Amino acid sequence: MTVSNLYPTGPLRALDAAHHLHPFSDMKALNAEGSRIIVRAKGCFLEDSDGNRILDGMAGLWCVNIGHGRPEIAEAVQAQMAELAYYNTFFKTTHPPAIRLAELLAELSPPQFKHVFFTGSGSESNDTVLRLVRTYWAKLGKPDKKVIIARRNAYHGSTVAGASLGGMGPMHAQGGLPIPGIHHIAQPYWFDEGGELSPEEFGLVAARELEVAIEQLGEGNVAAFIAEPIQGAGGVIIPPSTYWPEVARICKEREILLVADEVICGFGRTGRWFGSEFVGIEPDLMPVAKGLSSGYLPIGGVLVGEKVASLMVAGEFGDFNHGYTYSGHPVACAAAIANLRIIRDEGLVERVANDIGPYLQKKWLALGDHPLVGEARMVGLIGALELVPAKPERRRFPDPGKVGTICRDFSFANGLVMRAVKDTMIISPPLVLNHEEADELVRLTEKTLDDTYAALKADGRMG
Ligand SMILES: *Cc1c(COP(=O)(O)O)cnc(C)c1O
């Protein structure tokens with residue numbers, strides 16, 4: 001018996017409103033409207049409690065890379081549950097799933113990564129990053145190297161360290177964040193912040209803020225720079241081509257660690273196994289989560305490059321006084337192993353690079369011709385549309401977020417999950433998306449843009 005069969009939509013929704021506090025939600029507004037109840041999913045489609053079929057353009061929350069409902073994961077999980085449902089990895093113990101997952105990650109990741117520290121989520125991974133980079137420099141006799149440089153409008157999770165490293169004003173406003181020792185610089189968001197500069201010029205300007213920050217803070221005080229290869233939650237911000245090479249140059253010349261937050265970009269999203277490979281950088285640490293298990297069970301980790309790991313295995317850290325009860329949880333590891341094998345053995349990364357990626361990109365970029373769209377962008381299977389009141393200027397609607405919400409609501413009603421970041425519409429579908437589903441995604445997006453445009457015209461908001 002499944003839980004969803006117990007009640008029809010109305011009573012379930014009332015119970016949700018009565019007892020369930022949702023993340024990132026205004027509970028009064030949410031309960032007035034009522035949550036949409038998702039009861040099952042298969043492949044790229046969700047089904048809600050009213051029997052509606054919805055194309056999952058966000059792969060859950062950027063994570064269901066292999067698509068929903070794969071029996072291989074359920075089987076691997078069931079077998080591991082029966083064998084060893086839980087044991088820790090703290091006190092001189094380990095278990096086969098953690099060992100085999102660590103081995104597999106070393107095999108799939110760039111050559112500098114031979115070690116992984118397991119966590120339960122992307123946020124926890126970034127807490128681990130903060131502890132690791134500061135401990136690393138302290139053990140090298142440079143305890144002042146503590147500051148971590150991050151970027152405005154970055155997303156690194158919702159724990160205290162994750163939200164502090166992130167550059168989201170509304171998150172900082174709740175709970176007295178950021179914590180000390182974190183410094184935010186520009187994001188490479190040309191559409192919003194590039195002004196009169198060309199994207200290439202602006203990419204260099206944004207990258208050089210890192211150099212200026214290191215100068216101002218003093219190189220002896222800076223531990224690391226952390227960034228998503230492509231910002232996800234900030235609005236799928238694909239940096240200009242000049243940005244990452246310039247950041248790589250600065251990091252090479254300076255004695256700081258480079259941390260690539262691969263929680264979204266990792267495991268095939270960009271058409272490479274890791275976003276770092278896509279943008280051509282060689283980070284020292286890579287926090288991962290989401291696509292690691294395709295969201296089937298919660299698990300994350302930090303891939304630790306040899307620069308840091310060699311100190312740890314040489315005993316220079318002594319005890320690293322850090323870890324989570326569920327670090328390397330055996331059942332979550334079993335799910336992750338089965339997931340990575342599917343991604344590898346079915347060639348999903350190559351598929352994103354050579355087949356479905358280019359196929360969807362071509363159609364997605366053509367949406368840039370719509371009168372409501374100021375820019376369409378996509379790499380791999382991650383893309384965005386900037387909604388604008390008039391073309392061709394990169395101008396925003398007054399009251400940012402209003403139009404994006406209207407568009408997102410039309411999208412849901414049309415049977416497509418798209419997310420809105422203010423007035424930027426974003427998608428990140430499962431990597432198993434087939435050509436017909438890609439066609440449907442574009443068709444539903446077009447209809448959604450038309451519906452939104454018509455509503456705005458009727459309101460006098462366009463132009
Ligand atoms: C989602 C996300 C996180 C946080 O992961 P959780 O599993 O939600 O804690 C961190 N970094 C990036 C880039 C993310 O997109």
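## Salt bridges

A search of the whole structure turns up 25 salt bridges. Keep in mind that this is a predicted model. One of the bridges brings together the side chains of Glu 255 and Lys 142, at 2.9 Å from N to O. Glu 255 sits in the loop between helix H11 (243–253) and strand S8 (257–260), while Lys 142 sits in the loop between helix H6 (122–139) and strand S5 (147–151), so this pair ties together parts that are 113 residues apart in sequence. Glu 255 is partly exposed, with a relative accessible area of 37%, and Lys 142 is partly exposed too, at 32%.

Another bridge links the side chains of Arg 377 and Glu 375, at 2.7 Å from N to O. Arg 377 counts as buried because its relative accessibility is 9%, and the cut-off for buried is under 20%. As a general point, side chains of opposite charge can pair when their charged atoms come close.

## Aromatic rings

Now for the rings: a search of the whole structure finds seven aromatic pairs. One of them is Tyr 136 with Trp 137, an edge-to-face pair with 4.8 Å from centre to centre and 75° between the planes. Both Tyr 136 and Trp 137 are buried. Tyr 243 and Trp 244 have ring centres 5.3 Å apart and planes at 80°, so that pair is edge-to-face as well. Tyr 243 is buried, and so is Trp 244. Elsewhere, Phe 117, Phe 317 and Phe 320 form one aromatic cluster.

Charged side chains also sit over rings. Lys 145 lies over the face of Trp 137, at 4.6 Å from the ring centre, and that Trp 137 is the partner of Tyr 136 in the edge-to-face pair. Arg 53 lies over the face of Phe 45, at 3.7 Å from the ring centre.

Which residues make the nonpolar surface patch of about 330 Å²? The patch is made by Tyr 86, Tyr 87 and Tyr 326. Tyr 87 is in the loop between helix H4 (71–83) and helix H5 (96–108). With 40% relative accessibility, Tyr 87 counts as partly exposed.

## Cysteines without disulfides

If you're wondering about disulfides, the structure holds zero. For Cys 44, the closest cysteine sulfur is in Cys 63, and at 13 Å the two sulfurs are too far apart for a bond. Cys 44 is buried, at 2% relative accessibility.

For Cys 333, the closest cysteine sulfur is also in Cys 63, 17 Å away and too far for a bond. Cys 333 is buried, with a relative accessible area of 0%.

Most residues other than glycine have a negative phi, and most peptide bonds are trans. Where are the exceptions? The peptide bond from Leu 177 to Pro 178 is cis, with omega near -5°. Pro 178 is placed in the loop between helix H8 (169–172) and strand S6 (182–185). Lys 391 and Pro 392 are joined by a cis peptide bond as well, with omega about 5°. Pro 392 lies in the loop between strand S12 (382–387) and helix H17 (402–413).

On the phi side, Asn 153 isn't a glycine, yet its phi is positive at about 65°. Asn 153 is in the loop between S5 and helix H7 (160–165), and it is buried, with a relative accessible area of 18%. Phe 267, not a glycine either, has a positive phi of about 65°. Phe 267 is in the loop between S8 and helix H12 (275–279) and counts as buried at 0% relative accessibility.

## A look at Ala 420

Is Ala 420 buried or exposed? Ala 420 counts as buried, at 17% relative accessibility. Ala 420 lies in strand S13 (residues 419–421). From Ala 420 to Gly 175 is 245 residues in sequence and 25 Å in space, C-alpha to C-alpha.

Technical notes
Residues numbered from 1 in each chain as written. Predicted model: local features only at pLDDT ≥ 70, side-chain atom pairs only at ≥ 80, totals over all residues. Heavy atoms only, no water. Patch = residues over 30% accessible without salt bridge, like charges linked within 9 Å, V, L, I, M, F, W, Y side chains within 5 Å. Areas by Shrake-Rupley, 256 points an atom, 1.4 Å probe, with all protein chains shown as cover. Salt bridge = Lys/Arg side-chain N within 4 Å of Asp/Glu carboxyl O. Helix = DSSP H or I, 4+ residues; strand = E, 2+ residues; numbered from the N terminus. Buried < 20%, exposed > 50% of the residue type's maximum accessible area, 1.4 Å probe, protein only. Disulfide = S-S within 2.5 Å. Phe/Tyr/Trp six-rings, centres within 6.5 Å; stacked < 30°, edge-to-face > 60°. Lys NZ or Arg CZ within 6 Å of the ring centre and 35° of its normal.
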